[in-house]
Amino acid sequence: MARSRKSQISLDATSYYHCISRCVRRAFLCGFDPLTQISYEHRRQWVEDRLLWLGEIFAIDICAYAVMTNHVHVVLHVNLRQGAQWSIEEVITRWHRLYKGVPLSHRYLNGDRLSPAEQKILVLQAEQWRETLTSISRFMAVLNEGIARRANQEDQCTGRFWEGRFKSQALLDEKALIACMAYVDLNPIRVNIAPTPESSDHTSIHRRIQSIQNNSQQPSELMPFVTHIKQKMPEEGLPFLLKDYLELMDWTGRAMREDKLGYIDNQQPPILARLDISEAQWHRLTQRFEKQFKCFAGQKSSFERIKDCFSLNRMPPNLLAG
């Protein structure tokens with residue numbers, strides 16, 4: 001039985017989630033359709049631009065993404081601390097980038113004087129908007145709706161573009177987070193539309209590498225890598241070193257490609273040693289991450305810690321060892 005969205009997302013359990021949206025009937029979101037001889041490659045930029053734009057508005061950090069031919073992967077982090085620190089003015093300004101707002105919000109931004117009753121109403125409204133701007137469901141809805149409208153307009157048709165609502169997976173710990181990010185970033189390589197991570201256009205790993213090459217710094221649009229693994233995942237950034245992650249992507253990508261003559265060195269990358277993931281387990285995770293796990297990804301010990309947040313009585317299948 002399918003689980004409701006409310007039972008799949010609990011910020012008390014984890015603030016990291018893997019979300020996937022697929023086109024209806026495997027329609028072309030991007031890529032080249034050999035049947036009609038029409039190229040939809042330009043739509044990849046639509047999705048990437050809109051995704052990064054929403055990251056500027058919501059209190060949601062983008063950890064990883066990949067825009068594929070008929071589906072989109074994103075790894076998101078709900079930044080409740082950031083949303084709580086916004087002033088009323090900042091909440092309203094961000095909301096107006098998405099929606100028209102209400103007359104009171106426009107009067108407030110224009111500097112008009114509001115009565116005590118009007119101020120109270122506006123504060124209540126702004127708090128509702130603040131909560132919405134930390135919602136993964138609203139984030140994905142705004143992302144998908146904008147792309148669907150634009151694609152239908154270009155195709156001169158109407159009707160559903162996406163396969164209903166998005167799918168989500170809760171990433172319960174560092175093992176699940178790093179494995180899922182690798183799975184997402186290596187999607188183009190696995191389907192042979194890119195030979196290396198640095199040539200994988202419209203992915204987060206490509207944007208990170210480009211930013212390093214051009215500016216010698218991490219891209220501001222993505223959640224940064226900040227440190228080694230800690231006991232608890234930090235709010236201000238990913239709990240890994242960027243250098244380790246880049247080495248991990250190159251190592252994993254080479255090992256997964258069957259048409260490469262190279263082989264895996266016996267010396268594992270630093271990130272694998274710290275996470276205590278075996279070579280066999282790592283490849284199992286990164287090859288079929290979406291099918292390996294349903295709504296939850298993480299160690300059994302992590303699930304035991306948070307299972308009450310999701311009101312579950314039994315252990316989901318295929319959790320990581322540990």
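**Ground rules**

I am working with a predicted model, where local features need pLDDT of at least 70, side-chain atom pairs count only at pLDDT 80 or more, and totals for chains, interfaces and linings use all residues. Residues are numbered from 1 along each chain as its sequence is written, and side-chain values use heavy atoms, with hydrogens and water left out.

**Entry 1: the whole chain**

I looked up the secondary structure first. The protein chain has 15 helices and 7 strands. Helices here are DSSP runs of H or I with at least four residues, strands are runs of E with at least two, and both are numbered from the N terminus.

Next I checked burial. Of the 322 residues of the protein chain, 51% count as buried. Buried means under 20% relative accessible area, exposed means over 50%, and partly exposed lies in between (1.4 Å probe, protein chains only).

Then I looked at contacts, meaning heavy atoms within 4.5 Å. Among those in the protein chain between residues at least 6 apart in sequence, 66% join residues at least 24 apart.

**Entry 2: α2 against α7**

I took helix α2 (residues 43–57) and α7 as a pair. They pack at an angle of about 150°, with axes 10 Å apart. Axes are lines fitted to C-alpha atoms, for helices over the stretch in contact, and angles run from 0 to 180 degrees between N-to-C directions.

The two helices are therefore roughly antiparallel. The scale is: under 35 degrees roughly parallel, over 145 roughly antiparallel, 65 to 115 roughly perpendicular, and the rest oblique.

The crossing of α2 and α7 is right-handed. That term applies if the near helix is turned clockwise from the far one by less than a right angle; anticlockwise gives left-handed.

On the α2 side, the contact residues include Trp 46, Val 47, Leu 51 and Leu 54. On the α7 side they include Phe 139, Val 142, Leu 143 and Ile 147. By class I noted 9 nonpolar, 2 polar and 5 charged residues in this contact. Ala, Val, Leu, Ile, Met, Phe, Trp, Tyr, Cys and Pro count as nonpolar, Asp, Glu, Lys and Arg as charged, and the others, Gly among them, as polar.

**Entry 3: α7 by itself**

α7 has 20 residues and spans 28 Å from its first C-alpha to its last, close to the 28 Å expected at 1.5 Å a residue. The expected span is 1.5 Å times one less than the number of residues.

Its buried residues include Ile 136, Phe 139, Met 140, Asn 144 and Asn 152. I asked what covers the buried residues of α7. The cover includes β1 (16–22), α2, β4 (60–67), β5 (71–78) and α4.

**Entry 4: α4 and its partners**

α2 also packs on α4, at about 155° with the axes 9 Å apart. That makes α2 roughly antiparallel to α4. Trp 53, Leu 54, Glu 56 and Ile 57 of α2 meet Arg 94, Arg 97 and Leu 98 of α4. This contact has 4 nonpolar, no polar and 3 charged residues.

I then turned to helix α4 (residues 88–98) and helix α6 (residues 116–132). Their axes come within 9 Å and cross at roughly 60°. α4 and α6 are therefore oblique. The crossing is left-handed. α4 brings Ile 88, Val 91, Ile 92 and Trp 95 to the contact, and the α6 residues include Leu 122, Ala 126 and Trp 129. The class count is 7 nonpolar, 1 polar and 2 charged.

**Entry 5: α8**

Helix α8 (residues 174–185) is mostly covered, with 12 of its 12 residues buried. Among them are Glu 174, Lys 175 and Asp 185.

**Entry 6: loop residues**

Most residues other than glycine have a negative phi.

Gln 156 has a phi of about 55° although it is not a glycine. It lies in the loop between α7 (136–155) and β6 (167–171). Gln 156 is exposed, at 75% relative accessible area.

His 202 has a positive phi of about 65°, and it is not a glycine either. Its loop runs between α9 (187–190) and α10 (204–215). His 202 is buried, at 15%.

Last, I looked up Tyr 99, in the loop between α4 and α5 (103–109). It is partly exposed, at 31%. Leaving aside neighbours within four places in sequence, Tyr 99 is in contact with Arg 138 and Val 142.
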